[in-house]
Amino acid sequence: MDDLKVITASNIINLRTAKGMTQAELGELLNYSDKSVSKWERAEAVPDAYVLKKMSEIFGVSVDYLLSSHDSWERPESFKKAERSFHSKIITALSIFGIWTFAFLVYVIGWIMGANWWLLFVYALPVSLITFLVLNSVWEQGKNNRHIIYGLVASVFLASYLTFMEYNPWQILLLLLPAEFIVFLSFRIKKSHK
């Protein structure tokens, strides 16, 4: 029984510190005092089954993981997923920032040469949304792609309108509503399950 107390204590300490939580914060989530958490971490007692189940949900591990020895401690899968999610968001943000930085750089070069290439910023919007759509499809399995596509369609129409503005092509904007409606309907199509 003493081995079980030590193993459980070690696992609780490792999981709590990896999550950046204090004993008081963990105790609050479990509706226990920090003194109870301290007692578990000193291997003076093992939490009851209800508390172990609640801890497993908080840390994203199984109850078995909390009660089992781990010679070389590995980060639980929930921490790995959170880390991947963080890295994917950073890469997406850097990619989009790179597109806008490039557009700004080309605009400044044109400005130095005496040209006003303000439309570069309008063209950067659909390029950013396409990049965001691709990266979101890869890392988030297409979650919220519908909203990105709505924005992409609108930005393409806006870029077309502003590009051909001197020819007064207001008809382009009339096509925006049917195009958005088609996108809406395409996301409403569901596969029939037999």
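Biologist: Let's start with L176: in which helix is it found?

Modeller: L176 belongs to helix α10, which covers residues 176–188. Please keep in mind that this is a predicted model.

Biologist: What makes L176 count as partly exposed?

Modeller: Its relative accessibility is 21%. Buried means under 20% and exposed means over 50%, so L176 falls in between and counts as partly exposed.

Biologist: Which residues does L176 touch, leaving aside those up to four places away in sequence?

Modeller: L176 touches V153, A154 and F157.

Biologist: How do you know that the span of α8 agrees with what a helix should have?

Modeller: Helix α8 has 19 residues, 145–163, and at 1.5 Å a residue it should span 27 Å. The expected span takes one less than the number of residues. The end C-alpha atoms of α8 are 26 Å apart, so the two values agree.

Biologist: Which residues of α8 are buried?

Modeller: They are N145, I148, L152, V153, S155, F157, A159 and L162.

Biologist: Why is N144 called partly exposed?

Modeller: N144 has 47% relative accessibility. The exposed class needs over 50% and the buried class under 20%, so N144 counts as partly exposed.

Biologist: Where is A43, and what is its phi?

Modeller: A43 is in the loop that joins α3 (34–41) to α4. Its phi is near 65°, again a positive value in a residue other than glycine. At 21% relative accessibility, A43 is not under the 20% needed for buried, so A43 counts as partly exposed.

Biologist: Moving on into α4, why is S56 called buried?

Modeller: S56 is found in helix α4, residues 49–59. Its relative accessibility is 4%, under the 20% limit, so S56 counts as buried. Leaving out residues up to four places away in sequence, S56 touches V61, S62, V63 and L66.

Biologist: How do α2 and α4 cross?

Modeller: The axes of α2 (residues 23–30) and α4 come within 10 Å and cross at roughly 115°. The crossing of α2 past α4 is right-handed.

Biologist: Which residues meet there?

Modeller: From α2 there are L26, L29 and L30, and from α4 there are V51, K54, M55, I58 and F59. These divide into 7 nonpolar, no polar and 1 charged. Lys counts as charged, so K54 is the charged one.

Biologist: Among contacts with a separation of 6 or more, what share comes from residues 24 or more positions apart?

Modeller: Such residues account for 53% of those contacts.

Terms used:
Residues are numbered from 1 along each chain as its sequence is written. This is a predicted model: local features need pLDDT of at least 70, side-chain atom pairs count only at pLDDT 80 or more; totals for chains, interfaces and linings use all residues. Side-chain values use heavy atoms; hydrogens and water are left out. Helices (H or I, at least four residues) and strands (E, at least two) are DSSP runs, numbered from the N terminus. Buried means under 20% relative accessible area, exposed over 50%, partly exposed in between (1.4 Å probe, protein chains only). Contact means heavy atoms within 4.5 Å. Axes are lines fitted to C-alpha atoms, for helices over the stretch in contact, and angles run from 0 to 180 degrees between N-to-C directions. A crossing is left-handed if the near helix is turned anticlockwise from the far one by less than a right angle, and right-handed if clockwise.
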